[in-house]
Amino acid sequence: MRSYFTDPLSLLKKLNINPQEILFSTQAAAQFNFKVPESFVNKIHPNDSNDPLLRQILPIAQELELHDAYQTDPLNESESLSQPGLLQKYHGRALLLVTPTCAINCRYCFRRHYPYDDKGHLWKQIENNISIIREDISIEEVILSGGDPLSLSDDKIADLITQLETIPHLKRVRIHTRFPIVDPQRVTKKLINILSQSKLKIIMVIHINHAQEIGIDNQKVIAEFSRHKILLFNQSVLLKGVNDKLETLIQLSKTLIENQIIPYYLHMLDKVQGSAHFEVSDEKALVLYQQLREKLPGYMLPELVREIAGEKSKLPIS
Ligand SMILES: *Cc1c(COP(=O)(O)O)cnc(C)c1O
Ligand code: SF4
């Protein structure tokens, strides 16, 4: 059985870390639930209050500070939703929000303030959104997002892919997920079969921020995906205290390539309320990125980007 930690204090106890020392905050936990799968917990180093994995998931007092530039909906997504559950911002691609649920709750998440309470809500929109995609022949690729699309059951995923396969102009389905890295047991044989048997090209964009997140359990499921010709990419968010060091980024890219995953994007943080303590300035990011470029082969270099509301693509930082 898969298990999740939902009580931050018992996690800190297990890791032998003093809650006061790291400014643990119950109030921050109340704003955005604490949820971490066991596999991710197993990769956190005990006794280390600066652990880069722990920092991604632990509710701390700094989340409660308000900063002007940090909003509750930084990408203004509530307005670019052409329909509930459907985002069409970029040419040829439509992003379907299929579930609000994630495998893990990341403290820097730009969706942390979403009114996601009504759990069945997004799934109810699916039929309607699929008909919109069917009528728009400019759409070649559907991106499944959320939340995390692999929160859906295998049967729902199979059903969804079967429906998408009946749309003649659709060529690719892309799945944005953290499950293979934070909860690899979710990757069942059945899921692999569903994805590998599809007529559509299946692309998976995993979200890994630090090489320490990649253990043997993750390597096994990732190898299954690539054995079945699923294209694998990674996106990370550049986060202060997690991966804002040259050595860390080098190690991440090298580990990704060893595992058949292509580094795709390195995102600047979306300025969402409660995440300001993760900010890496543009100046610092550019210096780091230039150093990274000097150390790595081009194919190991993710593109450093920022998402800006209203633009036709993500924008490179310069
Ligand atoms: C990021 C994003 C995409 C995908 O963009 P790529 O540059 O192709 O990875 C598509 N739609 C939305 C709404 C997005 O935010
Ligand atoms: S949407 Fe992605 S970044 Fe946000 S909590 Fe879920 S897994 Fe984490």
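Modeller: Let's start at G147, which lies in the loop between β6 (141–146) and α7. Keep in mind that this is a predicted model.

Colleague: What kind of peptide bond joins G146 and G147?
Modeller: A cis peptide bond, with omega at about 15 degrees.

Colleague: Let's zoom out. How many helices and strands are in the chain?
Modeller: The chain has 12 helices and 12 strands.

Colleague: What does the radius of gyration say about the chain?
Modeller: The chain has 19 Å. A compact globule of 318 residues would have a radius of gyration near 20 Å, so the two agree. The C-alpha atoms fill a box of roughly 55 × 45 × 45 Å along the principal axes.

Colleague: And how much of the chain counts as buried?
Modeller: Of the 318 residues, 53% count as buried. The accessible surface comes to about 14800 Å². Carbon and sulfur atoms hold 51% of that surface.

Colleague: What share of the contacts comes from residues 24 or more positions apart?
Modeller: They account for 82% of the contacts with a separation of 6 or more.

Colleague: Now a helix. Which residues of α9 are buried?
Modeller: Helix α9 covers residues 189–196, and its buried residues are L191, I192, I194 and L195.

Colleague: Where do they sit around the axis of α9?
Modeller: They fall within an arc of 160 degrees seen down the axis, so they line one face of the helix.

Colleague: Is R178 buried or exposed?
Modeller: Buried. The relative accessible area of R178 is 6%, and the cut-off for buried is under 20%.

Colleague: What is R178 in contact with, leaving aside neighbours within four places in sequence?
Modeller: The partners include F40, Q56, I104, C106 and Y108. D148, D183, H207, I208, N209 and E213 are also in contact with R178.

Colleague: How far is R178 from A276?
Modeller: They are 98 residues apart in sequence and 22 Å apart in space, C-alpha to C-alpha.

Colleague: Back to backbone angles. What is phi of N16?
Modeller: Near 60 degrees, a positive value in a residue other than glycine. N16 lies in the loop between α1 (8–15) and α2 (26–31). N16 is exposed, with a relative accessible area of 56%.

Colleague: And what about phi of K229?
Modeller: Phi of K229 is near 65 degrees, also positive in a residue other than glycine. K229 lies in the loop between α10 and β9 (231–237). At 67% relative accessibility, K229 counts as exposed.

Colleague: Last topic, strands. How do β10 and β11 run?
Modeller: Parallel. Strand β10 (residues 262–267) is joined to β11 (residues 303–306) by 3 bridges. The chain crosses from β10 through helix α12 (residues 282–295) to β11, in a right-handed β-α-β crossover. Y265 stands opposite E303 in β11.

Colleague: In which sense do β11 and β12 pair?
Modeller: Antiparallel, over 2 bridges, with β12 at residues 315–316. There, L315 is the bridge partner of R306.

How values were computed:
Residues are numbered from 1 along each chain as its sequence is written. Chains are lettered from A and ligands numbered from 1 in the order in which they are written. This is a predicted model: local features need pLDDT of at least 70, side-chain atom pairs count only at pLDDT 80 or more; totals for chains, interfaces and linings use all residues. Side-chain values use heavy atoms; hydrogens and water are left out. Two strands pair if DSSP finds at least two bridges between them. Helices (H or I, at least four residues) and strands (E, at least two) are DSSP runs, numbered from the N terminus. A crossover is right-handed if, with the strands pointing away from the viewer, the path from the first strand over the helix to the second runs clockwise. The radius of gyration is taken over C-alpha atoms; the globule rule is 2.2 Å times the number of residues to the power 0.38. Buried means under 20% relative accessible area, exposed over 50%, partly exposed in between (1.4 Å probe, protein chains only). Contact means heavy atoms within 4.5 Å. Accessible areas come from the Shrake-Rupley method with a 1.4 Å probe; for residues, only the protein chains shown count as cover. The arc is that of the directions from the helix axis to the C-beta atoms.
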